[in-house]
Amino acid sequence: ELTHKDIQSIAKTIKKFELKVNGVNGFQNAQVTAGGINVNEFNPKTLESKHNKNLYAIGEILDVTGDCGGYNLQWAFSSGSLCARSISEDIND
């Protein structure tokens, strides 16, 4: 039941929301994740499975390992964006 103006106001508030980082927990609390589906099983230009049409994989489900510190988030966002574009182009062809 939100109006368009309400939605715009909420979006503006969210976009301006800031958090101040006060520090880290040190190396002893660092996290590492590895493993997942072999990236060679997917087309690197679309992230579509080479074996199952219309099956896509993104983010940490794939075996992509990087240093902690936002790299996994960047991979999640970037692979999600690539996948969405690929699906959109596939639908529009």
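This is a predicted model: local features need pLDDT of at least 70, side-chain atom pairs count only at pLDDT 80 or more; totals for chains, interfaces and linings use all residues.

Q: Where is S86 placed?
A: S86 is in helix α2, which covers residues 71-92.

Q: Is S86 buried or exposed?
A: S86 is buried, because its relative accessible area is 10%, and buried means under 20%.

Q: What does S86 touch, leaving out residues up to four places away in sequence?
A: K45, T46 and Y56. T46 is also the residue whose backbone oxygen the S86 side chain reaches.

Q: Which residues of α2 are buried?
A: S79, G80, L82, C83 and S86.

Q: Let's take C83. What does C83 touch, not counting residues up to four places away?
A: C83 touches T46, Y56 and I58. T46 and Y56 are also on the contact list of S86.

Q: What is the relative accessibility of C83?
A: It is 8% for C83, so C83 counts as buried. C83 lies in helix α2.

Q: How many residues lie between C83 and E48 along the chain, and what separates their C-alpha atoms?
A: C83 and E48 are 35 residues apart along the chain. Their C-alpha atoms are separated by 7.7 Å.

Q: What about the length of α2: what span should its 22 residues have?
A: At 1.5 Å a residue, α2 should span 32 Å. The end C-alpha atoms of α2 are 31 Å apart, which agrees.

Q: Now the other helix. How many residues of α1 are buried?
A: The count is 0 among its 13 residues, so α1 is hardly covered.

Q: And how far apart are the end C-alpha atoms of α1?
A: They are 19 Å apart. At 1.5 Å a residue, the 13 residues of α1 should span 18 Å, so the two values agree.

Q: Which residues make the nonpolar surface patch?
A: L2, I7, I10 and I14 make it. The patch is about 400 Å².

Q: Where is L2 found?
A: L2 is in the segment before α1, and α1 covers 4-16. L2 counts as exposed because its relative accessibility is 54%.

Q: What about phi of N54?
A: Phi of N54 is near 70 degrees, again a positive value in a residue other than glycine. N54 is found in the loop between α1 and α2.

Q: Which of those is buried and which is exposed?
A: L47 counts as buried, at 6% relative accessibility. N54 is exposed, with a relative accessible area of 52%.

Q: What does the side chain of S49 reach?
A: The S49 side chain reaches the backbone nitrogen of H51 at 3.0 Å. S49 lies in the loop between α1 and α2. At 11% relative accessibility, S49 counts as buried.

Q: Which residues is S49 in contact with, leaving aside neighbours within four places?
A: E41, F42 and L55.

Q: And K50: what does K50 touch, with residues up to four places away not counted?
A: N40, E41, F42 and N43. E41 and F42 are also in contact with S49. K50 is exposed, with a relative accessible area of 53%.

Q: N43 came up there. Which backbone nitrogen lies 2.7 Å from a polar atom of the N43 side chain?
A: The backbone nitrogen of K45. N43 also touches E48 and K50, not counting residues up to four places away in sequence.

Q: How accessible is N43?
A: N43 is partly exposed, with a relative accessible area of 29%.

Q: Last one. How far apart are N43 and D90 in space?
A: N43 and D90 are 14 Å apart, C-alpha to C-alpha. In sequence, N43 and D90 are 47 residues apart.

Key
Residues are numbered from 1 along each chain as its sequence is written. Side-chain values use heavy atoms; hydrogens and water are left out. Patches are made of residues with over 30% relative accessible area and no salt bridge: like charges are joined within 9 Å, nonpolar side chains (Val, Leu, Ile, Met, Phe, Trp, Tyr) within 5 Å. Accessible areas come from the Shrake-Rupley method with a 1.4 Å probe; for residues, only the protein chains shown count as cover. A salt bridge is a side-chain nitrogen of Lys or Arg within 4 Å of a carboxyl oxygen of Asp or Glu. Helices (H or I, at least four residues) and strands (E, at least two) are DSSP runs, numbered from the N terminus. Buried means under 20% relative accessible area, exposed over 50%, partly exposed in between (1.4 Å probe, protein chains only). The expected span of a helix is 1.5 Å times one less than its number of residues. A polar contact is a pair of N or O atoms within 3.5 Å; within protein, one must be able to donate a hydrogen and the other to accept it, and residues adjacent in sequence count only if both atoms are side-chain atoms. Contact means heavy atoms within 4.5 Å.
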